[in-house]
Amino acid sequence: MSETTQESELQNGFQPQLESESKVDSQTESEPETKPVEELKPEPVVTDADPKPEEDKESSIQSNETSKPASTDQIARTELRKDEGNRTFTMRELLSELKSDEDDAGSPYSQASTQQQSYQNNAAMELINSVTSADEEGRSRQRILVYAARRYATALERNPEDFDALYNWALVLQESADNVSPDSTSPSKDALLEEACKKYDEATRLCPTLHDAFYNWAIAISDRAKMRGRTKEAEELWEQATKNYEKAVQLNWNTPQALNNWGLALQELSAIVPAREKQKIVRTAISKFRAAIQLQFDFHRAIYNLGTVLYGLAEDTLRTGGSTNPKEVSPNELYSQSAIYIAAAHALKPTYSLPLPHLKDGYLTAPPVGNTIAPHSDWKRTEFFLNHEALQQVIRVEQKQVFRSLSGRTADVANIDKRAIRVDIPDIVSVSACADLTLPPGAGLCIDTTHGPVFLVADSWEYLDGWLDAIRLVYTIYARGKTDVLAGIITG
């Protein structure tokens with residue numbers, strides 16, 4: 001998507017940018033979040049990255065060095081002479097001989113395997129040793145990363161199947177890629193990321209349930225894809241990244257950051273694939289952002305990203321002449337939904353641009369005030385709006401108040417009836433979709449309040465998603481004490 005502008009209306013060409021999780025040792029909010037390596041002794045690592053996809057705190061380099069017994073080449077073994085074939089052995093000699101035989105047979109790592117691992121270690125170490133940073137802080141951090149890499153190389157020479165060492169070495173390579181000076185040509189950032197991907201691949205082969213490895217592997221692949229623009233190779237890398245994010249979420253569903261980054265990868269992929277495939281991928285991205293928000297309702301990055309993707313979908317729908325399917329959401333509704341999420345993100349973190357001055361309005365079918373068990377024929381489809389204070393029904397009573405305008409024409413004034421449904425945000429206990437057979441046909445909405453439940457019906461389940469998210473977000477903003485910020489956005 002194009003760069004963010006400061007315009008106040010979505011319809012006036014506003015093109016917001018996507019927000020992703022911060023990368024390893026990165027304090028920007030424009031890149032995916034990576035799990036860093038743990039701490040080394042004696043020197044600590046200063047890093048601002050998140051130790052896990054779902055947490056925000058400092059971490060440092062990890063060493064999971066595994067101790068293994070000495071190789072059989074280091075065990076002296078006494079050979080029998082020809083004339084010893086019939087001699088009598090003591091019990092100690094027999095036990096010593098038996099132990100030596102077990103050691104020889106039980107070693108799972110051949111000399112060829114050890115040599116291959118040593119060759120791979122040397123290639124990776126050569127890349128890390130040649131990294132030059134732009135400043136002293138980067139050079140100091142790189143020295144610690146080199147020391148960590150040597151320890152992991154030693155651990156792998158002892159045990160080539162040590163997936164912890166492989167995983168941590170991949171993290172070292174990934175962080176070293178961030179240390180590469182912008183004007184450096186050897187090694188390239190891409191070469192370090194490619195080597196990191198190989199380590200992640202091997203670690204996940206040895207331990208298929210290592211969800212953090214799949215997550216960080218996807219981030220490394222995404223970084224490689226960004227270097228290749230809108231090429232076929234980039235498309236293939238984005239597809240690989242989405243598969244790894246999917247695997248990470250399957251192994252650990254409670255990861256809003258992984259869902260957010262999955263949505264971003266899908267959004268990038270949608271910009272490369274043929275037009276006939278784009279909308280399907282975009283709608284899948286929307287579902288990932290929504291899933292991330294449902295896990296963490298104050299996750300401002302995912303909230304903002306959902307708003308920008310909805311805006312882009314509205315623009316595409318308008319350019320193609322709108323949808324012929326009446327069940328699909330209209331461009332105007334998509335613009336409205338976009339404003340909901342971007343306004344909420346701005347309230348949670350006032351660094352995002354707001355494209356529209358309002359939050360949410362639309363139509364819901366409602367019963368008469370105070371009579372939730374009224375017959376279906378008494379329920380009316382009426383206008384509602386949501387702001388920082390309440391969800392309010394609008395019942396207009398036509399009163400012919402004639403006045404003369406500046407043009408000399410007369411005009412009618414419609415007043416709002418005070419006898420209308422109103423749900424104050426502080427009174428909300430929960431909000432959910434419901435499929436109660438006692439409700440009129442449509443997508444049921446249940447708002448449980450301190451005064452009892454309020455039942456409404458949306459035109460479709462897609463429209464209901466917009467209302468559910470909007471109400472939940474406004475309540476989350478209220479619970480975080482940010483109502484005044486949201487009020488300033490809506491009224492200003």
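D459 is partly exposed, at 40% relative accessibility. Partly exposed here sits between two cut-offs: buried is under 20% relative accessible area, and exposed is over 50%, with a 1.4 Å probe and protein chains only. Keep in mind that this is a predicted model: local features need pLDDT of at least 70, side-chain atom pairs count only at pLDDT 80 or more, and totals for chains, interfaces and linings use all residues. Residues are numbered from 1 along each chain as its sequence is written, and side-chain values use heavy atoms, leaving out hydrogens and water.

What does D459 pair with? Its partner is R381, in a salt bridge of 2.8 Å, N to O. R381 lies in strand β2 (residues 380–386), while D459 is in the loop between β9 (452–458) and α12 (461–479), so the pair ties together parts 78 residues apart in sequence. Helices (H or I, at least four residues) and strands (E, at least two) are DSSP runs, numbered from the N terminus.

A salt bridge means a side-chain nitrogen of Lys or Arg within 4 Å of a carboxyl oxygen of Asp or Glu. By that rule, there are 17 salt bridges.

Next pair. E202 and R205 form a salt bridge at 2.5 Å, N to O. Both sit in helix α5 (residues 189–206), three residues apart, so about one helical turn separates them. E202 is partly exposed, at 28% relative accessible area. R205 is exposed, at 53%.

Now R228 and E233. Their closest N and O atoms are 2.9 Å apart, in a salt bridge. Is R228 buried or exposed? R228 is buried, at 16% relative accessibility. E233 is partly exposed, with 42% relative accessible area. Salt bridges with shared partners join D190, R224, R228 and E233 into one network.

On to the nonpolar side. A nonpolar core is a set of buried Ala, Val, Leu, Ile, Met, Phe, Trp, Tyr and Cys residues joined through side-chain atoms within 4.5 Å. The largest one has 112 residues. W169, L386, L391, L445, I447 and L456 have the most contacts inside it. Helix α11 (residues 331–348) gives the most to this core: 10 residues.

Take L391. Contact means heavy atoms within 4.5 Å. Beyond neighbours within four places in sequence, L391 touches residues including F384, I421, V423, W467 and I471.
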